[in-house]
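User: Hi! Could you walk me through this model with me asking and you answering?

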Amino acid sequence: MGTLNLSFQIQTRYISPSSPSFNTFTISLTTNRKKFNCSRFSLSMGNPNDTHTKLVPGAAGFLLQDVPHFTDYLDHLPSYPNPLQNNPAYSVVEQYFVDEDDTVTEKIVVHKESARGVHFRRAGPRQKVYFKPDDVNACIVTCGGLCPGLNTVIREIVCGLYHMYGVRKVLGIDGGYKGFYAKNTITLTPKFVDDIHKRGGTILGTSRGGHDSVKIVDRIQDRGINQVYIIGGDGTHKGAAVIFEEIRRRGLKVAVAGIPKTIDNDIPVIDKSFGFDTAVEEAQRAIKAAHVESESVGNGIGLVKLMGRYCGFIAMYATLASRDVDCCLIPESPFYLEGKGGLYEYIGKQLKQNGHMVIVIAEGAGQELLSESLQSVDQQDASGNKLLQDVGLWISHKIKEHFAKKKMPINLKYIDPTYMIRAIPSIASDNVYCTLLAHGAVHGAMAGYTGFTVGPVNGRHAYIPFNRIIEKQNKVVITDRMWARLLSSTNQPSFLKPRDIAEAKKEKYPANGILDGKIVKTMSMN
Ligand SMILES: Nc1ncnc2c1ncn2[C@@H]1O[C@H](COP(=O)(O)OP(=O)(O)OP(=O)(O)O)[C@@H](O)[C@H]1O
Ligand SMILES: O=P(O)(O)OC[C@H]1O[C@](O)(CO)[C@@H](O)[C@@H]1O
Ligand SMILES: [Mg+2]
């Protein structure tokens with residue numbers, strides 16, 4: 001019996017990578033003699049350049065959003081037994097290797113009749129690898145803003161490659177994407193990285209801007225690099241996706257693995273990004289100081305600005321953890337100053353009742369108010385991110401001005417710990433998390449997967465295709481329970497008008513988020 005290779009194009013209005021409508025996946029081919037049902041195939045999602053979306057349907061509405069593998073575009077590749085099976089530390093583990101068919105579900109809360117839904121390939125070591133240890137020439141690059149845990153990830157990639165797979169050649173790229181074509185590399189060995197997890201920042205340096213995929217892939221090719229570990233946020237992953245496409249176009253056996261990094265926690269799909277817990281922990285020190293300062297004087301207001309350009313996760317979690325905060329302002333929840341239900345009214349009430357209060361504001365909050373009042377020009381950093389005006393300074397000034405006009409003396413202390421919460425070493429739990437991410441990335445690359453990001457989805461580490469990471473940003477859902485918990489803990493007004501609530505619901509339940517007649521839940525941390 002011969003093999004029948006089929007390739008066909010499907011055009012449908014209903015498929016979107018994040019929320020496919022499963023009943024469109026029943027595909028069969030009928031000849032005059034027999035009907036063939038297709039069980040494994042990949043689909044391009046409408047965009048002819050989108051070659052990373054691999055969809056594998058299964059029973060009961062199961063859908064694997066798979067990641068690319070060398071064998072998708074390279075023929076006759078040899079594979080080898082995983083050297084881990086001879087490693088004294090790992091060989092004792094029962095079922096150490098991940099089953100080829102193991103997947104991790106994206107949606108964990110289900111109804112008895114709901115479809116099984118989207119799944120990702122489970123991360124972890126495979127029986128077979130596609131590299132001989134001596135042939136591996138790996139490199140690591142860190143891009144974007146700093147984040148606690150960067151050095152831990154670097155350390156664990158190096159040590160994981162050395163100790164688990166016997167790899168000896170690992171290079172550090174100096175200073176972000178630009179470093180591929182502008183600077184020297186750093187030789188990384190377990191000895192060199194031994195202590196780096198105790199330091200903040202990244203020993204490799206980082207940068208924004210300067211992404212030139214052709215030049216980067218040229219340098220990867222010139223140097224004979226065949227595993228690229230890219231640690232960064234949403235912008236970095238957009239860059240990684242382009243690098244992967246170029247590598248695939250050139251038919252190179254080079255694995256591209258992303259490790260999601262951002263203290264803002266704005267990366268979708270994964271449960272949480274590394275360094276986030278460390279940042280929230282560090283933010284407590286600023287909030288405590290604001291509380292002490294404010295309660296020690298008459299009508300004291302402690303105002304703390306925290307990072308979060310487009311989303312307010314740090315502010316929300318720092319507020320919930322502290323319980324000393326009376327008001328938390330984030331980009332996702334619009335607020336207003338004047339009039340009934342406004343911020344000034346709430347501050348006045350709090351001061352009358354308690355004599356002091358603490359306000360936490362995310363740096364991206366209230367930017368629309370700021371630009372109205374300062375008529376600012378839109379400015380961007382080298383990566384194209386919005387450059388923000390200092391909302392903390394602005395709001396301090398507005399509050400002081402308002403209460404001066406009302407002839408009510410207040411005592412406002414503005415604390416801006418911005419860079420202090422990200423320029424520190426990671427706490428213990430983040431260190432362990434970074435280790436799992438690094439090892440997951442190493443196992444995936446050694447097993448021949450590429451164009452993937454590793455990260456926990458409902459607590460289990462998975463390989464996620466780049467397109468799912470870069471298609472949208474993770475945001476606080478203000479119609480979810482977590483934000484309600486925050487409102488009930490601070491007792492602040494919600495500042496929301498019915499129109500804002502309708503908008504928020506529309507964002508949470510987009511029109512294409514309907515699955516089998518039920519609404520698909522988007523990622524949230526509650
Ligand atoms: N659309 C894009 N295409 C290619 N490269 C990009 C794109 N967006 C950003 N990059 C590159 O990715 C790198 C990092 O991007 P950015 O500065 O936005 O940080 P990030 O990865 O989002 O991390 P963070 O938000 O945590 O600081 C930069 O070198 C930038 O040039
Ligand atoms: O000043 P930099 O280094 O550009 O970074 C600032 C930005 O980086 C982040 O920490 C992560 O994107 C944001 O919260 C912040 O706006
Ligand atoms: Mg970013």
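User: Among contacts between residues at least 6 apart in sequence, what share joins residues at least 24 apart?

Analyst: Happy to start there, and note that this is a predicted model, in which local features need pLDDT of at least 70, side-chain atom pairs count only at pLDDT 80 or more, and totals for chains, interfaces and linings use all residues. Residues are numbered from 1 along each chain as its sequence is written, chains are lettered from A and ligands numbered from 1 in the order in which they are written, and side-chain values use heavy atoms, with hydrogens and water left out. A contact here means heavy atoms within 4.5 Å. Of the contacts in the protein between residues at least 6 apart in sequence, the share that joins residues at least 24 apart is 76%.

User: How many helices and strands are there?

Analyst: Both are DSSP runs numbered from the N terminus: helices are H or I with at least four residues, and strands are E with at least two. On that basis the protein has 15 helices and 21 strands.

User: What percentage of the residues is buried?

Analyst: Buried means under 20% relative accessible area, exposed means over 50%, and partly exposed is in between, with a 1.4 Å probe and protein chains only. The protein has 526 residues, and the buried percentage is 54%.

User: How far apart are the C-alpha centres of domain 2 and domain 3?

Analyst: The bounds come from an automatic or database domain assignment. It gives domain 1 (55-122), domain 2 (132-269 + 431-451 + 466-470) and domain 3 (276-375 + 383-424 + 477-507). Contacts link 11 residues of domain 2 with 15 residues of domain 3. The C-alpha centres of these two domains are separated by 36 Å.

User: Which helix gives the largest share of the shell around ligand 1?

Analyst: A residue counts as near a molecule or strand if one of its heavy atoms lies within 4 Å of it. There are 19 residues around ligand 1, and Gly-145, Gly-209, Asp-234, Thr-236 and Ser-383 come nearest. The largest share of that shell, five residues, comes from helix 6 (residues 234-249).

User: How is that shell around ligand 1 made up by class?

Analyst: Ala, Val, Leu, Ile, Met, Phe, Trp, Tyr, Cys and Pro count as nonpolar, Asp, Glu, Lys and Arg as charged, and the others, Gly among them, as polar. Sorted this way, the shell around ligand 1 has one nonpolar, four charged and 14 polar residues.

User: What percentage of the accessible area of ligand 1 does the protein cover?

Analyst: Let's look at polar contacts first: these are pairs of N or O atoms within 3.5 Å; within protein, one must be able to donate a hydrogen and the other to accept it, and residues adjacent in sequence count only if both atoms are side-chain atoms. A polar side-chain atom of Lys-261 is 2.9 Å from an oxygen atom of ligand 1, and a polar side-chain atom of Ser-383 is 2.6 Å from an oxygen atom of ligand 1. On its own, ligand 1 has 630 Å² of accessible area, and the protein covers 84%.

User: What percentage of the area of ligand 2 is buried by the protein?

Analyst: The residues around ligand 2 are Arg-208, Asp-264, Met-307, Gly-308, Arg-309, Glu-363, Tyr-419 and Arg-422, with two nonpolar, one polar and five charged by class. Polar side-chain atoms lie 2.9 Å from an oxygen atom of ligand 2 in the case of Arg-208 and 2.8 Å in the case of Arg-422. Taken alone, ligand 2 exposes 400 Å², of which the protein buries 78%.

User: Is Ala-365 buried or exposed?

Analyst: Ala-365 is in the loop between strand 16 (356-362) and helix 10 (367-374). Not counting residues up to four places away in sequence, Ala-365 touches Leu-329, Ile-330, Pro-331, Phe-335 and Val-391. With a relative accessible area of 0%, Ala-365 is buried.

User: Asn-265 has a positive phi; what is its value?

Analyst: Asn-265 sits in the loop between strand 13 (255-260) and helix 7 (276-295). Asn-265 is buried, at 1% relative accessible area. Phi of Asn-265, a residue other than glycine, is near 65°.

Technical notes: Accessible areas come from the Shrake-Rupley method with a 1.4 Å probe; for residues, only the protein chains shown count as cover.
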